[in-house]
Amino acid sequence: MLPEDGESERTRPGEDAPVQGGTTAPDPKSAFGPDGSTAGPHGADHRWWFYHGTGQPRYDDVSDLLPEPPPWRRFTGGPLVPPPPSDDEEIERRLGRISALSTGSDQLRREVDMVNAALVLRRPLLVTGRPGTGKSSLAYRISRELRLGRVLRWHITSRTTLRSGLYEYDAIGRVQDSAARHTLHPAGGTAVTGAEQQAEEQLPGIGDYLQLGPLGTALLPYEVPRVLLVDELDKSDQDLANDLLSVFEEGQFRIPELVRARRQHPEVTVGIDDPGRDAEIVEGVVKCRAFPVVVITSNGEREFPPAFLRRCLRLQMPDPDRPQLVGMVAAHLQRAGSAASGISAAEGLIDQFLRSSRERGGLAIDQLLNAAFVATSGRFLGDESALEDLVDALWHRLDGAGAESRTG
């Protein structure tokens, strides 16, 4: 059972001590109690399975809940960097306001089991499924429930390289600044004036030309894991999945530009993917301490190499069922004093959406949200025909066949 307000997250009166790392993981089938909690058959609160999938914030600090990693997935990077910033505005934009989701469906239980397994084993989670089924939202749901801070998003295209995810180095800018330095001190020049000396001292150091990307930032030595969303990996060049193997296995990477300069600059401060934040890199190596929660999405457009798949846990994301769609619409349409009326007006629309999705080869969740927002706006009161025409246009096929005409 979950602790009530004011009770310890660690134990409750009359309950066994929670299961800690270094023991056998509980049977996933017994991870849920009758009320959807993680209470096991003997009343113990299994801390191996502490993610519930509701998207509701549950813990102030998960550092004590995470079990010890397997010996082959233990990392010791340092020094620790400060906790990441929160990004409640972006998470609410993605998920809507906090609302309870059904915990009784087998679909959600499967998702929860796989997320918890990824957390315990410190392995990436490869989420596949049809476009628009909410694969990317999973990363934000994990972050909000476990309070892991801002989600790092790495959107993949056919031109994406491993280095772009790790870091960027502005070599041209550094060359230009170096040329300016030589202009101040030409070969065989005269003595340096005080103004020239001050100008030289104000020239940026090498760290000002480096910026860690989303993947590089996720691998910094945080006390608790960051959430990294690698979105649409199947859009990448075929080599990218193979390039990621060593990074995911080693939990670290080298920055050659800093490695070469480590004798003169053993500690360098660089920019990271979080706005306005910096991190200190020691000896040119970034090494994680808590392996990030990596959510990799794929629309199934191509297969990945077997070696890559072997290092990931795989989750097939099915189409959301009706209770999940109701919860999503409720979360996004919550407005002061209008949540109940909005859901009531959208109930019939959800049933219609499920039928249209089957007929049109699958529709996306955002298409339902667009239609629900329009239907509950009050603009089409008394003009059902115009509303149906607009909804029909919003629910166009996703395979490029264009909008379907409404049947009578």
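**A close look at backbone and packing**

Author: Happy to! Let us start with P79, which lies in the segment before α1 (88-95); helices (H or I, at least four residues) and strands (E, at least two) are DSSP runs numbered from the N terminus. The peptide bond that leads from G78 into P79 is cis, with omega near -5 degrees. Please keep in mind that this is a predicted model, in which local features need pLDDT of at least 70 and side-chain atom pairs count only at pLDDT 80 or more, while totals for chains, interfaces and linings use all residues. Residues are numbered from 1 along each chain as its sequence is written, and side-chain values use heavy atoms, with hydrogens and water left out.

Why look at such backbone spots? Because most residues other than glycine have a negative phi, and most peptide bonds are trans. R122 is not a glycine, yet its phi is positive, about 55 degrees. You will find R122 in the loop between α2 (106-121) and β1 (125-129). R122 is buried, at a relative accessible area of 11%; here buried means under 20%, exposed over 50% and partly exposed in between, with a 1.4 Å probe and protein chains only. E232 also has a positive phi, near 65 degrees, and sits in the loop between β5 (227-231) and α8 (238-250). With a relative accessible area of 21%, E232 is partly exposed.

Both β1 and β5 belong to an open sheet of 5 strands with parallel pairing, in the order β2-β5-β10-β1-β11; two strands pair if DSSP finds at least two bridges between them. At its edges are β2 (152-155) and β11 (313-317), each pairing on one side only. From one strand to the next, the twist averages 20 degrees.

Now to the pairs themselves. β2 runs parallel to β5, joined by 4 bridges, and R153 has L229 in β5 as its bridge partner. R153 and H155 make up the uncovered face of β2, whereas L152 and W154 form the covered one. Further along, 4 bridges join β1 to the parallel strand β10 (residues 293-298), where S298 is the bridge partner of T128. Helix α2 packs on the sheet, touching β1, β10 and β11, and its direction makes about 160 degrees with that of β11. Contact means heavy atoms within 4.5 Å, and axes are lines fitted to C-alpha atoms, for helices over the stretch in contact, with angles from 0 to 180 degrees between N-to-C directions.

Within α2 is Q107, which is partly exposed at a relative accessible area of 23%. Leaving aside residues up to four places away in sequence, Q107 touches P318, D319, P320, D321 and Q324. Q107 and Q324 are 217 residues apart in sequence but 10.0 Å apart in space, C-alpha to C-alpha.

Finally, a helix pair: α13 (residues 365-375) and α14 (residues 384-394) pack at about 160 degrees, their axes 9 Å apart. That makes α13 roughly antiparallel to α14, since angles over 145 degrees count that way, those under 35 as roughly parallel, 65 to 115 as roughly perpendicular and the rest as oblique. Q367, N370, A371, V374 and A375 in α13 meet L387, L390, V391 and L394 in α14.
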